[in-house]
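Please look through the sequence and the structure that follow, and then read on for a guided explanation of a few places in them.

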Amino acid sequence: MEGLQPCRYWSNGVSLFFQPLRLIPLILVCVGNVDAAFYNLTTIPFDQGYTPLFGDGNLVRSPDGKGVRLLLDRFTGSGFISSNLYNHGFFSANIKLPSDYTAGICVAFYTSNADVFEKNHDELDIEFLGNTEGKPWRFQTNLYGNGSTNRGREERYRLWFDPTKDFHRYSILWTPENTIFYVDEVPIREVVRNEEMGADYPSKPMSLYTTIWDASSWATSGGQYKVNYKYAPFVAEFKDLVLEGCPADPIQQIPAAEACAEHYTHLATQDYSVITRQRRAAMRRFRQRYMYYSYCYDSLRYPVPPSECVTVSAEKARFKDTGRLKFGGSHKRQSKRRSRNRNRAVPNSDNASDV
């Protein structure tokens with residue numbers, strides 16, 4: 001295997017962590033070498049950087065004040081928001097997802113300024129989509145700029161581990177030049193800004209949001225499976241919270257590049273800002289094995305791929321014209337999702353039998 005794969009990926013359906021004990025020292029050394037940037041992050045207590053957003057009774061701070069649990073029950077979900085908006089930054093948390101039957105649930109870790117720029121907001125999403133008992137969680141990433149919700153840039157994936165058994169780090173790096181989504185130390189997606197994207201690339205200050213909510217209308221198999229509150233409360237846990245960015249007034253008069261020059265320099269010098277050759281190989285392998293929808297290969301939605309799309313022949317060969325895998329699952333058209341506060345275009349439904 002290349003890059004980071006010996007540390008995390010699966011071989012013939014069996015996790016390498018379950019290989020004979022004699023392999024464990026080698027595995028641990030490998031993880032330690034490539035994971036350093038994610039073990040040396042500066043974390044902050046919850047009250048230092050965040051405030052409750054909704055469902056106060058379902059937001060439970062940890063005894064040490066460094067983490068929080070978000071609950072969803074039949075009465076309400078819950079969420080929190082960063083105390084500041086940021087002009088670019090690195091946003092990260094260790095997250096443990098609810099277990100058992102989680103159909104219809106959405107756990108979201110995302111940046112947005114929809115409350116400030118209602119009709120031309122920006123957004124970067126990591127959204128975890130629950131599933132029926134025994135089936136793995138799925139998740140998606142997305143990017144919007146200047147209210148471009150009619151040009152969704154969704155990608156959907158499976159994970160190579162069970163996200164309900166332990167904490168894993170999920171991160172968004174957002175700079176003026178590119179955006180990188182991370183799972184643990186693996187970069188799973190990079191969007192490089194180019195001139196053709198124009199205002200579709202997020203550029204205005206954004207807050208970090210984290211929520212758990214009832215998305216029965218769309219999250220699991222296009223709404224086929226709903227939240228079953230017999231299994232409530234559903235609990236998502238967050239700890240080791242990271243906010244590295246330039247706090248900003250969304251309507252400030254000082255140009256962002258001038259006001260945040262020092263923060264930009266700091267971001268650029270951090271290890272997580274660089275996709276090394278090893279990380280590039282890990283990202284390629286993840287996308288080849290675990291990505292099951294990509295807007296870049298959805299020629300029905302986009303006869304001409306959006307300008308930021310980099311077509312990879314090994315990836316393209318796996319997908320139908322719908323942007324979905326050529327094998328397995330249902331390909332019925334999914335109804336448009338009803339989002340937190342607006343409608344979005346979405347890819348075809350994700351039937352559990354795709355796994």
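Predicted model: local features only at pLDDT ≥ 70, side-chain atom pairs only at ≥ 80, totals over all residues.

The link of Cys296 and Cys309 is left-handed, with -85 degrees about the S-S bond. Cys296 lies in strand 17, residues 291-298, while Cys309 lies in the loop between strand 17 and helix 7 (313-316), so the pair ties together parts that are 13 residues apart in sequence.

How many disulfides does the count come to? It comes to two, and a disulfide is a covalent bond between the sulfur atoms of two cysteines. Besides the link already described, a disulfide joins Cys246 to Cys260, with an S to S distance of 2.1 Å. The torsion about the S-S bond of Cys246 and Cys260 is about -75 degrees, so this disulfide is left-handed. Because Cys246 lies in strand 16 (residues 234-248) and Cys260 in the loop between helix 4 (256-259) and helix 5 (261-269), the pair ties together parts that are 14 residues apart in sequence. Both Cys246 and Cys260 are buried.

From the cysteines we can turn to the nonpolar residues. The largest nonpolar core has 59 residues, and those with the most contacts inside it are Val107, Phe128, Phe139 and Phe238. Strand 17 gives the largest share of this core, namely six residues. Apart from it lies another core, of eleven residues, which includes Phe90, Ile180, Tyr182 and Leu267. If neighbours within four places in sequence are left aside, the contacts of Phe139 include Ile126, Phe128, Leu129, Tyr157, Leu159, Val183, Ile188 and Phe286, but also Glu127, Glu155, Arg156 and Arg158.

A last stop is Asp200, which is found in the loop between strand 14 (186-192) and strand 15 (207-214). Is Asp200 buried or exposed? At 9% relative accessibility, Asp200 counts as buried, because this value is under 20%. The side chain of Asp200 is joined to that of Arg153 by a polar contact of 3.2 Å. When residues up to four places away in sequence are not counted, Asp200 touches Leu143, Tyr144, Gly145, Ser148 and Arg151 as well as Arg153.

Notes: Residues numbered from 1 in each chain as written. Heavy atoms only, no water. Helix = DSSP H or I, 4+ residues; strand = E, 2+ residues; numbered from the N terminus. Buried < 20%, exposed > 50% of the residue type's maximum accessible area, 1.4 Å probe, protein only. Polar contact = N/O pair within 3.5 Å; in protein donor to acceptor, adjacent residues only side chain to side chain. Contact = heavy atoms within 4.5 Å. Disulfide = S-S within 2.5 Å. Core = buried A, V, L, I, M, F, W, Y, C linked by side-chain atoms within 4.5 Å.
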